[in-house]
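I open these notes to keep track of what I look up, one element at a time. The structure comes first, and my entries follow.

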Amino acid sequence: MTLRSNFEPGTTRWAMRRAQWTALGLTPEDMEKPKIAIVNTSSDLASCFSHLDSIVGPLKQAIREAGGIGFEIRTAAPSDAITSAGAAGRYILPTRDLIVNDIEVAAEGALLDGMVCLSSCDKTTPAHMMAAGRLNIPTIVVACGYQPSGVFRGEHVDFEDVFLYAGHVAAGRMTVEDLAEMSGCAITGPGVCAGMGTANSMHIAAEALGMALPGSTPVLARSPKMWRTVAEAGRRIVRMVAEDLRPRDILTPAAFRNAVTAVLAISGSVNALKHLQAVAVEAGCDVDVYALFEELAPKVPLLTAVKPNGERRIDEFEDAGGAAVLLHRLSPLLDLDARTVAGPSLGEVLASVAPPESDVIRPLDAPLAHHPGLVIVRGTLAPEGAIVKRTVADEAPHRFRGPAKVFRSREEGIAAIRAGEVRPGQVLVLTGLGLRGAPGMGLTSAFIFALDGAGLGAEVAVVTDGQMSGLVNKGLVVAEVSPEGAIGGPLGLVEDGDIISVDVDARTIDLEVPEAVLAERRAALPAAPPSAGCGWLSVYARTVSPLGRGATLGG
């Protein structure tokens, strides 16, 4: 096999590489083997990925035993729980694209032959698949697992509960001492948040796309199943290099259709839409993921109800067969000719799946519900769309009409809640939190949980151009409004008292203000100052593209 990592003997590049790698202990024979990047997106900052360093050694060994050489490369590593502390959470989404570029510099700069990506927290999985699509070298995504949860006063508790009840402290519905006790026992080991948030949603999406090994998601971190997947990925990636099976052979329109179907069936994270679109853009695949969600939402029933969408836990979903059983149930709706990193087609993979006796993942003809878990709404307030997340029980209002109360930041909104300035019946608008306005798309989750803590979650509606955590599913929230307010979108023109109407069933969101009035407001707006400086958020603001292109870089 011809390897791009091998250079003509006697050349400068050959000599420099030989000198450097001999110093690392490689033999002349090793120099001729496939060189595999082990992408380790981790740090000591968060338990989400604190176990990844321990995976690198066994993975290197598996690669070597299969006839390859593994090189660990590291990247930036964002954790929504930790990295969101600075800049009001605005570093979170932009770090996704920073990871992609980190991988490009290391793997493409060194001309490595393939990649195994150790995926964990929310932005890492899409970043790894985006890099795979961009570089188009054989790649396997390994989901490194969810964290084990704990017990608080005799009841199951996980990170979602801590996130939620933090909003109750400000409202006096929980003491600081109780919250401290809960947070001290909610997480009992490494891994991603134990719910159907963005991390587990994207792990499942990776398997549905064909980029993760069949049957590998979701998985408890450091479990025997995770270690088996690590070993198999090390063996398989060397064969993939020999077969020249590349990401763009797998990331086809059919694969994205399958992934969207899977995300709808689990009521996955709202963030999955922009992440899947970004993967498609980077892979050069001409597919409109948002249009796919709109097309398929009425056709795909909800087959499971994992927190925050219901009362089931992610470990119960794994025990019921995980993504493999989910896809088996969905097979009449899937393109079974889609390829997978394992080699066989999706149909061939699913033919060997035997669903266990369990009601956690329901059959297609006996779903938990028929309404879509993710709904794209459009109208005069969101001409390019916005997203509503629905639970399986679907208890949030389907229709809401009321006067706007406008906030220009998450902190301003939380302060108003604490001051008692938010009233039932209002439509709370958080604007200026979009990709360019924030920049980086501000997190609004704390605002949503503060409303819930104040007992207002079911009494108001929220409309924002910011983003939500995948663990948020409270009340009627319309997120990721596009175009965003900071670039002239209608959301930036809303004033206190304007009437806003939302109809989830009709998929509409409208601002009941005459266009002539909006034109006057738009003309009176001061020009937005240009983004300047060398900091990452400034660079991001100048180069990020709209949500319709997955918020990828390129303007």
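Which residues of strand E12 (residues 476–479) are buried on one side, and which on the other? I keep in mind throughout that this is a predicted model. Looking along E12, I find Leu-476 and Val-478 buried on one side and Val-477 and Ala-479 buried on the other, so that both faces of the strand are covered, given that buried stands for under 20% relative accessible area.

Next I looked up the partners of E12. Strand E8 (residues 382–389) runs antiparallel to E12 and is joined to it by two bridges, while strand E11 (residues 461–464) runs parallel to E12 and is joined to it by three.

I then turned to the loop between E11 and E12, where Gly-466 has its place. Gly-466 is buried, with a relative accessible area of 0%. Leaving aside neighbours within four places in sequence, I note that Gly-466 is in contact with Leu-433, Met-441, Gly-442, Thr-444, Ala-479 and Glu-480; of these, Ala-479 is one of the buried residues I had already listed for E12.

My next entry concerns another sheet, an open one of four strands in the order E2-E1-E3-E4, with parallel pairing. Strand E2 (69–74) and strand E4 (139–143) stand at its edges with a single partner strand each, so one side of each is left without a neighbour in the sheet. Neighbouring strands here are turned by 20 degrees against each other on average, direction ignored. Between strand E3 (residues 114–119) and E4 I find five bridges in the parallel sense, with Leu-118 having Val-142 in E4 as its bridge partner.

What packs on this sheet? Helix H8 (residues 224–243) does, touching E1, E3 and E4, and its direction makes about 175 degrees with that of E4. Helix H4 lies across strand E1 (35–40), E3 and E4 as well, running at about 170 degrees to E3.

Because 11 of its 12 residues are buried, I record H4 as largely enclosed by the rest of the structure; among the buried ones are Pro-126, His-128, Met-129 and Leu-135. Just after H4, Asn-136 takes a positive phi of about 55 degrees.

As a last entry on side chains, I note that the charged end of Arg-13 sits over the ring of Phe-7, 4.1 Å from its centre.

Note on methods:
Residues numbered from 1 in each chain as written. Predicted model: local features only at pLDDT ≥ 70, side-chain atom pairs only at ≥ 80, totals over all residues. Heavy atoms only, no water. Buried < 20%, exposed > 50% of the residue type's maximum accessible area, 1.4 Å probe, protein only. Pairing = 2+ DSSP bridges. Contact = heavy atoms within 4.5 Å. Lys NZ or Arg CZ within 6 Å of the ring centre and 35° of its normal. Axes fitted to C-alpha atoms, helices over the stretch in contact; angles between N-to-C directions.
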